[in-house]
Amino acid sequence: MEDMITRIKECVIEGDEDSVIMLIDQALDALVPVNRIMTEGLTEAMNVVGKQMECGDLFIPEVLMCAETMKAGMEYLKPKMGDAEMKTLGKIVIGTVAGDLHDIGKNLIKMMFEVSGFEVIDIGIDQGPDKFLEIYEKEKPDIIGLSALLTTTMVSMQETVELLRKNEVSAKIIVGGAPVTAEFAKTINADGYSDDAGGAISLCKKLLNIA
Ligand code: B1M
């Protein structure tokens, strides 16, 4: 089982989109749990890719190939993760803030929310404060989730929370992403912060008083 997960991880690191689905299928046939493929295979691979990028061992086109491979794997796993008939626990609007094009973490969160029984409205990447407010007014979600992966776009995250607060939205606002911290979340007056998908789900359940 460990070996199969390791091969999936390596496949993402190599940016081998053609093989990732085949390897995931093999792992599923061998009854490797979907959440392990997702977290220990796909997500862990991107952590390695991040470190290699940081050291200058990988360049953006290569990182993109890795990201596309991870996305292909995530998309493939998505329908296998849960029961479509699950009761809706709440409605969440999620998006990546203005100036930020990173969406792998946000997509992972989205997927995990969906399989946990939330209705998710994904507004995509590079979304400004006005867009979050507009979608809030249209959809009246229980939660609004903001993702930022760049230090520079944390400013946009702050502006978005400010606009939503100014308009007295009833939704709880949660934030996350690699450079975001619990302290920053508190400073910008968000209702909560999580550093990963599992934590985000627990946080939302807590905020919505779901046992
Ligand atoms: Co970018 N990038 N990138 N990049 N990239 C980072 C973020 C960086 C840390 C790499 C580095 O230098 N070490 C760095 C940011 C430095 C900083 O500001 N602190 C960086 C940079 C600088 C850039 C560019 C500026 C590079 C350039 O052009 N010179 C550029 C910016 C583009 C832009 O957005 N305007 C850029 C571009 C790209 C690619 C397009 C090549 C690609 C993105 C592809 C895509 O998303 N479709 C990319 C990638 C892949 C990365 C790294 C390698 C991986 C990010 C990732 O997907 N991680 C990243 C390095 C790293 O993070 N180690 C890096 C996997 C993902 C599952 O984790 O997104 O952190 P993550 O999400 C986690 C948690 O953060 C959390 O849960 C998720 C699951 O556990 N979380 C939330 C996320 N959102 C949440 C929301 C929540 C709660 C939790 O509630 C709502």
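Q: Which pocket is the space taken by the ligand?
A: Quick caveats: this is a predicted model, where local features need pLDDT of at least 70, side-chain atom pairs count only at pLDDT 80 or more, and totals for chains, interfaces and linings use all residues. Residues are numbered from 1 along each chain as its sequence is written, and side-chain values use heavy atoms, with hydrogens and water left out. A pocket here is an open set of points on a 1 Å grid over the protein atoms alone, where a 1.4 Å probe fits, with protein on both sides within 12 Å along at least five of seven lines, and a molecule sits in it if more than half of its atoms lie within 2 Å of its grid points. By that test, the ligand's space is the largest pocket.

Q: Which elements give two or more residues to the shell around the ligand?
A: Helices and strands are DSSP runs numbered from the N terminus (helices H or I, at least four residues; strands E, at least two). The ones that qualify are helix H3 (34-54), helix H4 (60-81), H5, S3 and strand S4 (172-176).

Q: What is the only protein donor of the ligand's cobalt atom?
A: Donors are N, O and S atoms within 2.8 Å of the metal (3.2 Å for Na, K and Ca), and since water is not among the atoms, sites may look incomplete. The residue to look at is in the loop between strand S1 (91-97) and helix H5 (104-116). With its NE2 at 2.2 Å, the donor is His-102.

Q: A backbone N or O atom of which residue lies 2.7 Å from an oxygen atom of the ligand?
A: Polar contacts are pairs of N or O atoms within 3.5 Å. A polar side-chain atom of His-102 lies 2.8 Å from a ligand nitrogen, and a backbone N or O atom of Gly-177 is 3.4 Å from a ligand nitrogen. For the ligand oxygen at 2.7 Å, the residue is Leu-101.

Q: Is Thr-69 buried or exposed?
A: Thr-69 is found in helix H4, and a polar atom of its side chain lies 2.7 Å from the backbone oxygen of Met-65. Buried means under 20% relative accessible area and exposed over 50%, with partly exposed in between (1.4 Å probe, protein chains only). Because its relative accessible area is 0%, Thr-69 is buried.

Conventions. A polar contact is a pair of N or O atoms within 3.5 Å; within protein, one must be able to donate a hydrogen and the other to accept it, and residues adjacent in sequence count only if both atoms are side-chain atoms. On a 1 Å grid over the protein atoms alone, a cavity is a set of points where a 1.4 Å probe fits but cannot get out, and a pocket is an open set with protein on both sides within 12 Å along at least five of seven lines; lining residues have an atom within 4 Å of a point.
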